[in-house]
Amino acid sequence: MSAFARRVVAAERGRDDDVVLAAGEPLVQLFAIRRALLVLCGIDPGAAAADVRIELPADLVIGSRLVPLIFFAALLAALWILGRRIGGRWAALVAVSVPLAFDATGTVSPIQGPADVLGEIPAAALIAWALIAVRRRPWLAGLLLGCAIQAKYIAFLAAPALVVALLLAQHGVPWLRRLRSLILPVVCTGVPTLIVEIGIFLSLGRSGYLGHLRSTKEFLLDGGQVDARTTVVEKLATLVDAWRLPGVATLALVLIAIAVGTLAVWRLAPPERRALWRDERMPLLAGALVGLAAYVGWWSTAAHTPLWPRHPAPGVLAFAPVLAAFAVLAIRSLAARAPAGAADPMRTPAGERGAEGASPRRAAAEHRPGPGDAVTRPAGGPGAGGAASADPPRRPALRALGVGAAAVLAIAVAAQTGLAATTALRAPNELAQQREIASAVTELDAPQIATAWSPTISIVVLAGSHLALYDAPPENIEGAPLLMWNDRANNGDISCTGAVLLEIENVTVCAAE
């Protein structure tokens with residue numbers, strides 16, 4: 001967490017010392033905006049922190065987890081739209097399945113699922129919707145990117161992808177005009193940050209704001225991580241393993257997608273390859289390639305960052321599904337070469353396919369002759385041979401392959417959902433138990449409690465105390481009780497050396513030394 005977060009929460013408590021809290025930047029920014037509103041209304045924020053309580057209209061746990069879940073649904077909706085535009089329903093289905101297959105739970109700093117209260121999923125959803133808007137509403141794409149940056153600073157790495165997509169979308173326009181078209185989106189990108197920074201300035205004052213700028217600069221330069229020492233090979237291997245598939249299978253799928261895409265383009269004649277850049281889908285391909293390369297390239301070369309796949313997750317969740325949809329388009333292109341008269345989806349510009357991504361059956365329905373149109377029947381009548389038939393021959397093998405792939409996908413999703421549920425049930429406490437323990441911890445009336453980065457965080461938050469990590473500098477957690485598991489295996493190197501203040505079920509709270 002940045003020093004700004006510590007200052008704002010410390011000010012919220014009416015203290016001058018820094019407090020290390022396990023809270024996200026969006027939550028702290030809400031504290032800053034709240035304080036700014038109190039100042040504008042002439043209310044002392046320090047007194048308000050003690051006297052004013054906000055009653056939430058929803059359960060704290062369920063309500064907070066619904067927010068990222070809504071963003072995850074928005075991410076899937078955006079990917080379905082992008083996949084449908086690129087290659088039809090099958091491409092949309094594959095695009096939606098990519099985030100479902102991503103697994104960042106295998107580290108000490110995980111994304112525990114679609115309802116985890118983190119900024120990665122909202123940032124990915126906003127980036128995906130920016131890709132949808134970048135062609136026709138670039139100002140909206142910029143505004144969405146600005147909101148994504150406020151959800152997670154690392155979302156800024158998506159900016160080059162949107163710039164490339166916008167520039168290439170203006171085919172035939174002079175480059176000077178293309179560059180001028182970037183001005184409004186860039187301004188809109190800065191609007192959300194400007195609003196938040198104004199709130200921070202009103203909250204912290206001039207000197208506090210200058211300190212916030214310095215700490216933000218340091219945070220952006222080191223990513224909040226300075227102790228890890230990792231290599232490019234370790235990072236790439238971790239990313240390959242961050243899927244609900246064996247690592248070998250993931251690597252094989254990536255290589256097959258690259259090979260299929262290369263072969264599909266190689267099959268085209270030189271004039272057709274040049275014509276691809278006029279297709280409205282190509283800016284999405286170029287933008288997704290640049291975006292994924294930016295995230296994976298930065299993370300793999302940032303040797304000071306740990307092996308946590310959630311760091312590049314916004315780019316992986318937003319751009320990898322787009323590339324998977326293009327892989328489906330390439331497969332369709334290779335499969336469309338056999339029937340006479342069948343349209344190659346890569347040779348047919350998106351604007352000429354009727355509804356974007358429409359299937360041949362839907363296209364035939366849209367062009368069904370009307371009552372006054374002449375109907376041309378193949379020579380020989382209904383019993384004529386296949387050479388005279390106007391309908392392309394059905395291919396049972398491809399249909400069987402598609403049904404089999406859908407079945408495998410459904411089974412895999414169901415199996416992984418069950419596995420995730422089983423893993424969640426292995427937590428030391430269920431929510432009802434955590435509420436009961438938190439109620440007892442509340443009776444201690446401790447304004448701040450230190451604990452490890454573990455499920456005990458939930459208990460401290462539910463108890464209403466400010467949360468400090470036990471490995472923070474001693475001066476930051478001075479006087480704070482320590483909450484820990486009774487089972488030493490779950491505590492790592494934490495030990496209780498002070499008097500025992502509370503012992504309930506499998507949790508102990510010790511007094512500060």
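Does Phe-201 count as buried, partly exposed or exposed, and at what relative accessibility? At 39% relative accessibility, Phe-201 counts as partly exposed, where buried means under 20% relative accessible area, exposed over 50% and partly exposed in between (1.4 Å probe, protein chains only).

This is a predicted model, in which local features need pLDDT of at least 70 and side-chain atom pairs count only at pLDDT 80 or more, while totals for chains, interfaces and linings use all residues. Residues are numbered from 1 along each chain as its sequence is written, and side-chain values use heavy atoms, with hydrogens and water left out.

**Aromatic pairs**

Three aromatic pairs are found in a search of the whole structure; rings of Phe, Tyr and Trp (its six-membered ring) pair if their centres lie within 6.5 Å, and planes under 30 degrees apart count as stacked, over 60 as edge-to-face and the rest as tilted. Two of these pairs are set out here.

| Pair | Centre separation | Plane angle | Class |
|---|---|---|---|
| Phe-201 and Tyr-209 | 5.5 Å | 85° | edge-to-face |
| Tyr-295 and Phe-319 | 6.4 Å | 45° | tilted |

Tyr-295 lies in helix H14 (residues 282-301) and Phe-319 in helix H15 (residues 313-335), so their pair ties together parts that are 24 residues apart in sequence; helices here are DSSP runs (H or I, at least four residues), numbered from the N terminus. Tyr-295 is buried, with a relative accessible area of 0%, and Phe-319 is buried, with a relative accessible area of 0%. Tyr-209, at 16% relative accessibility, counts as buried.

**Nonpolar cores**

A nonpolar core is a set of buried Ala, Val, Leu, Ile, Met, Phe, Trp, Tyr and Cys residues joined through side-chain atoms within 4.5 Å. The largest has 63 residues, and those with the most contacts inside it are Leu-75, Phe-102, Ile-127 and Phe-319. Among the helices that each supply at least two residues of this core are H4 (60-87), H6 (120-133), H14 and H15. A second, separate core of 17 residues includes Ala-438, Ile-449, Ile-457 and Ile-504.

With contact taken as heavy atoms within 4.5 Å, and leaving aside neighbours within four places in sequence, Phe-102 touches residues including Trp-243, Arg-244, Pro-309 and Val-316.

**Leu-284**

Leu-284, found in helix H14, is buried, with a relative accessible area of 10%. Leaving aside its neighbours within four places in sequence, Leu-284 is in contact with Leu-82, Ile-86, Leu-131, Val-322 and Phe-326. The C-alpha atoms of Leu-284 and Ala-169 are separated by 8.6 Å, although these residues are 115 residues apart along the chain.
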